Amino acid sequence: YGGAKLPRVSVVDMRKSAAGGVTSPLGNMLCEKLVETKERGNQSILFINRRGYNNFLSCRSCGEAVSCPTCSVSMTYHTYGGSYDRGELRCHWCGRRMPVPTTCPSCQSEHIARMGYGTQRIEQELSELLPSADILRMDTDTTSAKNAYEELLGKFRRREADILLGTQMVTKGHDFPEVTLVGVLMADTSLYLDDYRAAERTFSMLTQVVGRAGRGDSSGKAMIQTFVPEHAVITLAAKQDYDKFYDLEVNLRRVQNVPPFGDVATVTFTGQEETAVLRGSAKFRDSLNACLRQNPYTEEKCTVLGPAPCVIPKINYNYRYRLTLRCRMTGALRLLLAHLLRQFSKDSGNRGVSAFADVMAFPQRLAVRIRLTFPNNVVFLHSETAVVIDFNFTFTAVVGKNFKFRHSWAGIVNV
């Protein structure tokens, strides 16, 4: 846009660093580029999609991680008071806070180690690498106060800091002409989430953050650090090859019959007694399957999977199970789900168990022909109902199936 060139992108294989004994997400090549960028008087942006200091605390004797008492997740270590040596454990799901234990809650061993990396620990390592550099950390912890987000961005824009480190909030919508280096730490962590959109979201995230470099007169460089450098999503994002990614992803989704070629719905059940939650979800599944075998639903294309525990099976004392529906979400099927949910809530046998549906479907009735022209060739695939595409301005659209942007592209989309 405006004559600017895309930054040069390199994919760094972190397996070689690990084999050499380097465990930090800050690889040697990235550290060298950070020092060079600071010496030239330019700015850098570092992205890591994990806040806190350490991911978890693990016992070296029994191997157990310190978990939240009310959730089925490990506690995250956070520092506070401006000191990296003072900290507490926090649950990112229920908000519980607790002091760091001196012994393992399971075996009472004193050999407890802090494992993993978050924004706070990367900030500490950057301070040791570049003592004279001014570093801004942008995550939920630093932007919770009123106007904190705008103040941090204002400082970086006025060049009161050399490095902006943060989570996803540093990846999109920013135009800093003096940023010539972007580093992505642990780029592959979002590839293996329990979501059919994981590849799309990773590709979008990487292409967005790479585009923060070289937006001024100086050329930019981006470094994507990963343990799977040969992964198609990583290589295509590095090349900014939207066409090939679209072809790859759309063919995969066609085979899997997920949006935009099919619909996916989940029915989630929660309650404080696990057996009651599992029993209620199984009862709902049986009722749904029984209805699908009768008129007028025999023609509905719907496969019911589960019940199975959610990705986080327990949050704040509540156990969570879900059914997954691979279907074509017609009006009749929507009405059937609504009816079964009402009946479920009225059944006294389900007391203490709540149920709700999340339908990831796309309207099919209204088709609109659009024509968009941009200064550069742009292709963007998105399967959700809200899409934000950022250039030097922000374009927002509500879309449906096969939404694909090209330079002077005209096509049919469902909205």
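Two residues are in contact when heavy atoms of theirs lie within 4.5 Å. All views show a predicted model.

**View 1. Surroundings of Thr143 in a loop.** Thr143 belongs to the loop that runs between strand S8 (135-138) and helix H4 (148-157). With a relative accessible area of 16%, Thr143 is buried. Leaving aside neighbours within four places in sequence, the contacts of Thr143 are Met138, Ala148, Tyr149, Leu152 and Met169. A polar atom of the Thr143 side chain also lies 2.7 Å from the backbone oxygen of Asp139.

**View 2. Cysteines without disulfides.** The structure holds zero disulfides. The closest cysteine sulfur to that of Cys59 belongs to Cys107, and at 3.6 Å it is too far for a bond, because a disulfide requires sulfur atoms within 2.5 Å. For Cys68, the closest cysteine sulfur is in Cys94, at 3.7 Å, which is likewise too far for a bond. Cys59 is buried, at 3% relative accessibility, and Cys68 is buried at 4%.

**View 3. The two sides of helix H9.** Helix H9 (residues 331-346) consists of 16 residues and spans 23 Å from its first C-alpha to its last, close to the expected 22 Å. Leu333, Leu336, Leu337, Leu340, Leu341 and Phe344 of H9 are buried. These residues lie on the same side of H9, because they cover an arc of only 135° around the axis. An α-helix has 3.6 residues a turn, so residues three or four places apart point the same way. On the other side of H9, Leu335, Ser345 and Lys346 are exposed.

**View 4. The cover over helix H9.** The elements that cover the buried residues of H9 include strand S12 (263-271), helix H8 (274-292), strand S13 (302-315), strand S14 (318-327) and strand S15 (353-360).

Conventions: Residues numbered from 1 in each chain as written. Predicted model: local features only at pLDDT ≥ 70, side-chain atom pairs only at ≥ 80, totals over all residues. Heavy atoms only, no water. Buried < 20%, exposed > 50% of the residue type's maximum accessible area, 1.4 Å probe, protein only. Helix = DSSP H or I, 4+ residues; strand = E, 2+ residues; numbered from the N terminus. Polar contact = N/O pair within 3.5 Å; in protein donor to acceptor, adjacent residues only side chain to side chain. Expected span 1.5 Å × (residues − 1). Arc of directions from axis to C-beta.
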